[in-house]
Amino acid sequence: MNNFNFCSPTEFIFGKGAQTETGNALKKYGARKVLIVHGSDRIKSSGLLGQIEKSITDAGVEFCEYGGILPNPTAGSVYEGIDIALKEKVDFLLAVGGGSPIDAAKAIALGVVADEDFWNFYNGTSKPRSALPVGVVLTIPAAGSEGSGNSVITNEITHQKISVRYPDILRPKFSIMNPELTYSLPWFQTACGIVDMMAHIYERYFSNTPDTGLVDSYSEAILREIMDQALTLKLDGDNYSARANVMWAGTLAHNGLCGVGKIEDWASHRLEHEISAFYNVAHGAGLAVIIPAWMSYCSKRNPDKLWRFAINVMSVDPAGKSTDQIIEEGICELKNFYHDLGLTTNLRMLIGGEPDIDLMVNSLHRNMGDTLGCYVPLSMEDCRNIYKLAVDSE
């Protein structure tokens, strides 16, 4: 295990009715005027936004609103949010929703206090020194952004989907998490969220750092729990216990706990970002296509963790089987799990046509350079081959 610093200062307010604590949480962290950032009008029709606004008003905090953030939030929406925040002179951002409003709110929080284009912090030409504080009311467990310092924004002009990690300034001050708020989620969104949170663990689990047995073991336990609870939710979407466990698992998957002391990978996420940047698919649906293809390709060069994953997570019986057979069976079981969720593992089926692999590889090279990942360092030709595997996947 490598040396590490781990600090996760976000306050998590978890449980039934937690959204009524929004105003108190904002007041506790010094908010005077807050910009509420959200996505669809579902939070209005459900009454959630009204509950939040009442809580904020009762706490004596002013607020204004910026809605309409779409999945795969764009740079254009961030610029618009920055303009509103500056005009309204807000000192706090409150994201209500899932990863998209949270990531957009974080980008707005960076841009409001910067004397340069916020996109410079995403394309790597500058590093931010500060940001406005951010709070969260979570309604879609998936991205884990409610407990991380990460944000992902798509530049719709350049077709770049880029993630950043600024934990010192972008971790939310608080995250309010009521599993009941996820009851009304369409199954597709729930399924994509499950794939995404599992992938956040994979990116840390598949590491060559030695002597990380404890971290690997609890990562495996979280993965197994997510899968078990996912199948429960497919049968009973209003199961509070399953909703609660999945919601908290999504936070643990991405707050850094599963990566302490390890060199992380992140190749699969970056491969997928090109798919959703050009074809505007749901991130989790793209990951369901890329993850098995990445595993199959990397198994020939580095079978170590894939062998352990097959046995300890996918419950493959190793008796009488070769390492290759164990890994292949584990990947097959993972595909079956994704299929049980109602998701495809075939890239052609996902986008409804033939993908332009050259376009995606060239963009990946522009964004990430010559190599990708650490578990198996991938050249751009390797990435091309993984996309091809995903096209031909069953």
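Buried means under 20% relative accessible area, and exposed means over 50%. By that cut-off Lys 305 is buried, because its relative accessible area is 6%. This is a predicted model.

**Salt bridges**

The count comes to 16 salt bridges. Three of them are listed here.

| Pair | Closest N and O atoms |
|---|---|
| Lys 305 and Asp 216 | 3.1 Å |
| Arg 384 and Asp 358 | 2.3 Å |
| Asp 41 and Lys 44 | 3.9 Å |

Lys 305 bonds with Asp 216 in a salt bridge. The pair links distant parts of the chain, with Lys 305 in helix α13 and Asp 216 in helix α9, 89 residues apart. Asp 216 is also buried, at 2% relative accessibility.

Arg 384 and Asp 358 form another salt bridge. Arg 384 sits in helix α17 and Asp 358 in helix α16, 26 residues apart. Arg 384 is buried at 19%. Asp 358 is partly exposed at 45%.

Lys 44 is partly exposed, at 43%.

**The sheet**

An open sheet holds 6 strands in the order β1-β8-β5-β4-β2-β3, with parallel pairing. Its edge strands are β1 (11-14) and β3 (62-66). From one strand to the next, the twist averages 20°.

Strands β2 and β4 pair over 5 bridges. Val 37 stands opposite Ala 95 in β4. Helix α3 lies across β2, β3, β4 and β5, at about 155° to β3. Helix α10 packs on the sheet too, touching β1, β5 and β8. Its direction makes about 170° with that of β1.

Note on methods
Residues are numbered from 1 along each chain as its sequence is written. This is a predicted model: local features need pLDDT of at least 70, side-chain atom pairs count only at pLDDT 80 or more; totals for chains, interfaces and linings use all residues. Side-chain values use heavy atoms; hydrogens and water are left out. Two strands pair if DSSP finds at least two bridges between them. Helices (H or I, at least four residues) and strands (E, at least two) are DSSP runs, numbered from the N terminus. Axes are lines fitted to C-alpha atoms, for helices over the stretch in contact, and angles run from 0 to 180 degrees between N-to-C directions. Contact means heavy atoms within 4.5 Å. A salt bridge is a side-chain nitrogen of Lys or Arg within 4 Å of a carboxyl oxygen of Asp or Glu. Buried means under 20% relative accessible area, exposed over 50%, partly exposed in between (1.4 Å probe, protein chains only).
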